[in-house]
Structures are given as C-alpha cells and as structure tokens.
Amino acid sequence: MYRRLRDMREDRDLPQRDLAKLLHVSQATYSRYESGALDIPSGALIALAQFYGTSVDYLLGLTGDPMPYRR
C-alpha cells in the first residue's frame, strides 16, 4: 500500500530504524506502516512529508508530482 514510503527511504539509503526514530515509534511499527499492515497516523504522514520535502498526497500515491503544495 505504501510502497512509495519504502522506495523513498531506500533511495536515501536510510534504515527503517532512522525513520522510526523520527516518528517516535518502534522499528516494527514503522515496518508495518511501509507494508500497509498498519495505518499511518496523520501526524506521522505530515512529519514524513516534511522530512522528504514532498506532499502527503505524493507519499500516499494520490499524485505523481513529488513537489510539495504551495502555501
């Protein structure tokens, strides 16, 4: 479900534990986010979008444009 999360993390050569630490969750929980076994809370999605410099819609696969929305 959230393949893009894994792809973005792997493109930056980051282990799951680094993203888990950013989100204040365990590595196992973050792994479940990436696999779609666990829904990602909106706060975590926002934090990931800010970390990667993209939009939540891009992370969720709702758009193919990685550029964040203008404020």
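Q: At what angle do helix 2 and helix 3 pack, and how far apart are their axes?
A: In this predicted model, where local features need pLDDT of at least 70 and side-chain atom pairs count only at pLDDT 80 or more, totals for chains, interfaces and linings use all residues. Residues are numbered from 1 along each chain as its sequence is written, and side-chain values use heavy atoms, with hydrogens and water left out. Helices are DSSP runs of H or I with at least four residues, numbered from the N terminus. An axis is a line fitted to C-alpha atoms over the stretch in contact, and angles run from 0 to 180 degrees between N-to-C directions. Here helix 2 and helix 3 pack at about 100 degrees, with their axes 8 Å apart. That makes helix 2 roughly perpendicular to helix 3, a term for angles of 65 to 115 degrees.

Q: Which residues of helix 2 and helix 3 make the contact?
A: Contact means heavy atoms within 4.5 Å. Helix 2 contributes Q16, R17, L19, A20 and L23, while helix 3 contributes Q27, Y30, S31, Y33 and E34. These residues divide into 5 nonpolar, 3 polar and 2 charged, where Ala, Val, Leu, Ile, Met, Phe, Trp, Tyr, Cys and Pro count as nonpolar, Asp, Glu, Lys and Arg as charged, and the others, Gly among them, as polar.

Q: How many aromatic pairs does a search of the whole structure find?
A: A pair of aromatic rings is described by the distance of the centres and the angle of the planes. Rings of Phe, Tyr and Trp (its six-membered ring) pair if their centres lie within 6.5 Å, and planes over 60 degrees apart count as edge-to-face. The search finds 2 aromatic pairs. The rings of Y30 and Y33 have centres 6.3 Å apart and planes at 75 degrees, so this pair is edge-to-face. Both residues lie in helix 3, 3 residues apart, about one turn of the helix. The rings of F51 and Y52 have centres 5.1 Å apart and planes at 75 degrees, so that pair is edge-to-face.

Q: Are Y30, F51 and Y52 buried, exposed or partly exposed?
A: Buried means under 20% relative accessible area, exposed over 50%, and partly exposed in between (1.4 Å probe, protein chains only). Y30 is buried at 0%, and Y52 is buried at 7%, whereas F51, at 42%, is partly exposed.

Q: Which residues of helix 4 are buried?
A: In helix 4 (residues 42-52), the buried residues are A44, L45, L48, A49 and Y52. They cover an arc of only 135 degrees around the axis, which puts them on the same side of helix 4; the arc is that of the directions from the helix axis to the C-beta atoms. On the other side, S42 and Q50 are exposed.

Definitions and conventions: Helices (H or I, at least four residues) and strands (E, at least two) are DSSP runs, numbered from the N terminus. Angles under 35 degrees count as roughly parallel, over 145 as roughly antiparallel, 65 to 115 as roughly perpendicular and the rest as oblique. Rings of Phe, Tyr and Trp (its six-membered ring) pair if their centres lie within 6.5 Å; planes under 30 degrees apart count as stacked, over 60 as edge-to-face and the rest as tilted.
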